[in-house]
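Biologist: Please put the model up, and then let us go through it by question and answer.

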Amino acid sequence: MNSTSKRIVNLIADIGGTNIRLAQANAQSDTKYTDIETYRCANFSSLIEVIAQYIETKNIADASINACLAIACPTDKDIISMTNLPWEFSQKALIKELNLNSLAMINDYTAIAMAIPLLNDSQKVKIGGGETVANMPISVCGPGTGLGVANLVPVSIAGKSQWHCVSGEGGHIDFAPVGELEITVLRYINTIKDRVSYEQLLSGYGLEQIHQALVNADPEDDDAHLSAQEISKRGTENTCIMCKQALLIFCQVLGSFAGNLALIMNSQGGVYIAGGIVPRFIEFLKASKFRERFESKGRLSHITQQAPTYVITEEQPGLLGAAAYLLQS
């Protein structure tokens, strides 16, 4: 078959440490992707092996395949070393061995950011603020295994309006405590870490460290080594005062951090909370001081008071964003 007459397939993936989700980008679909399959990483020896199985299963080996793969690690070099898997591969080798027409490797938070303009009201929950302003920057942060951060800015390329993602390592900026309780948390974490970034509080292990700091300040409570899931469960169910306090601090610090993003980017397009932690306790977040701390920015509070905040509830933001990235390209 002549290459010019081959059918075109837009292959997308959301690659995590436990599971890999593969699908095909489709502009005509309501979800923007179809043919989703989930594979457990532990069952494969390499990324190439997983993608090759998907290509075979979907009978698309004879197609001209454009791929966009979202992965939770740096993607700016040819050799990709996964953080949470013993997998290392060359992007050039991936193109050659899978016979791809093109390949875009993007960071997982680039994908999540690119998904945001496509979200409808059922895929997000608003937590205060004004209305989103069209063609203004959008920010996203997500407490999970770590603290991911990315920003979207509107650009015009050849007269066509598009979104450009500015990613980085914003989760690793220095933590700034507000009030004596957060200073107590900072001092505790400083006994085990030389430097305290926001990720040291706004992540799964960060919530655990907040809880450990509170327990350390009250030696009579010996339940010091709870998991983040157990802390959030007890906190939201109001069955443990210490867990509830830890979760309240987590929400307040998240509000301050998200408000900082709004100031940096003037994010009148909205500040979005992603990740696997916060969607578990959205009502608790609403009732906390999250929004108060988001807005509390002194003379520039008018910026954050206007900027809306949302929690992303879409189950596959990585795939949606990879589809958006590929279809836009």
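Modeller: A pocket is defined on a 1 Å grid over the protein atoms alone: it is an open set of points where a 1.4 Å probe fits, with protein on both sides within 12 Å along at least five of seven lines, and lining residues have an atom within 4 Å of a point. Grid points are joined across faces, edges and corners, and a volume is the space filled by probe spheres set on the points. This is a predicted model, in which local features need pLDDT of at least 70, side-chain atom pairs count only at pLDDT 80 or more, and totals for chains, interfaces and linings use all residues. Residues are numbered from 1 along each chain as its sequence is written, and side-chain values use heavy atoms, with hydrogens and water left out.

Biologist: What is the volume of the second largest pocket?

Modeller: The volume follows from the probe spheres set on the grid points. For the second largest pocket, that gives about 220 Å³.

Biologist: Which residues lie closest to the centre of the second largest pocket?

Modeller: Two or more lining residues come from each of β10, β11 and α11. Helices (H or I, at least four residues) and strands (E, at least two) are DSSP runs, numbered from the N terminus. The lining has 14 residues, and the closest to the centre are Pro117, Leu118, Trp163, Ala324 and Gln328.

Biologist: How many residues in that lining are nonpolar, polar and charged?

Modeller: Ala, Val, Leu, Ile, Met, Phe, Trp, Tyr, Cys and Pro count as nonpolar, Asp, Glu, Lys and Arg as charged, and the others, Gly among them, as polar. By class, the count is nine nonpolar, four polar and one charged.

Biologist: Which residues does lysine 160 touch, not counting residues up to four places away in sequence?

Modeller: Lysine 160 sits in strand β11. Contact means heavy atoms within 4.5 Å. On that count lysine 160 touches Val155 and Gln328.

Biologist: Which residue is the bridge partner of isoleucine 273 in β13?

Modeller: Strands β12 (residues 271-273) and β13 (residues 309-312) run parallel, joined by three bridges. Within this pairing, isoleucine 273 partners valine 311.

Biologist: Is valine 278 buried or exposed?

Modeller: Valine 278 is in the loop between β12 and α8 (282-287). It touches Pro143, Phe250, Leu254, Ile273, Leu285 and Val311, not counting residues up to four places away in sequence. Its relative accessibility is 0%, so valine 278 counts as buried.

Biologist: Where does phi of asparagine 135 lie?

Modeller: Asparagine 135 is in the loop between β8 and β9. With a relative accessible area of 57%, asparagine 135 is exposed. Its phi is positive, in a residue other than glycine, and near 60°.

Biologist: And where does phi of asparagine 266 lie?

Modeller: This asparagine is in the loop between α7 and β12. Asparagine 266 is partly exposed, at 32% relative accessibility. Its phi is also positive, near 50°.

Biologist: Which strands are at the edges of the five-strand sheet?

Modeller: This open sheet has mixed pairing and the order β3-β2-β1-β4-β7. Each edge strand pairs on one side only: they are β3 (33-40) and β7 (102-107).

Biologist: Which residue in β7 stands opposite cysteine 68?

Modeller: Strand β4 (residues 64-71) runs parallel to β7, with six bridges between them. Opposite cysteine 68 stands alanine 104.

Key: Two strands pair if DSSP finds at least two bridges between them. Buried means under 20% relative accessible area, exposed over 50%, partly exposed in between (1.4 Å probe, protein chains only).
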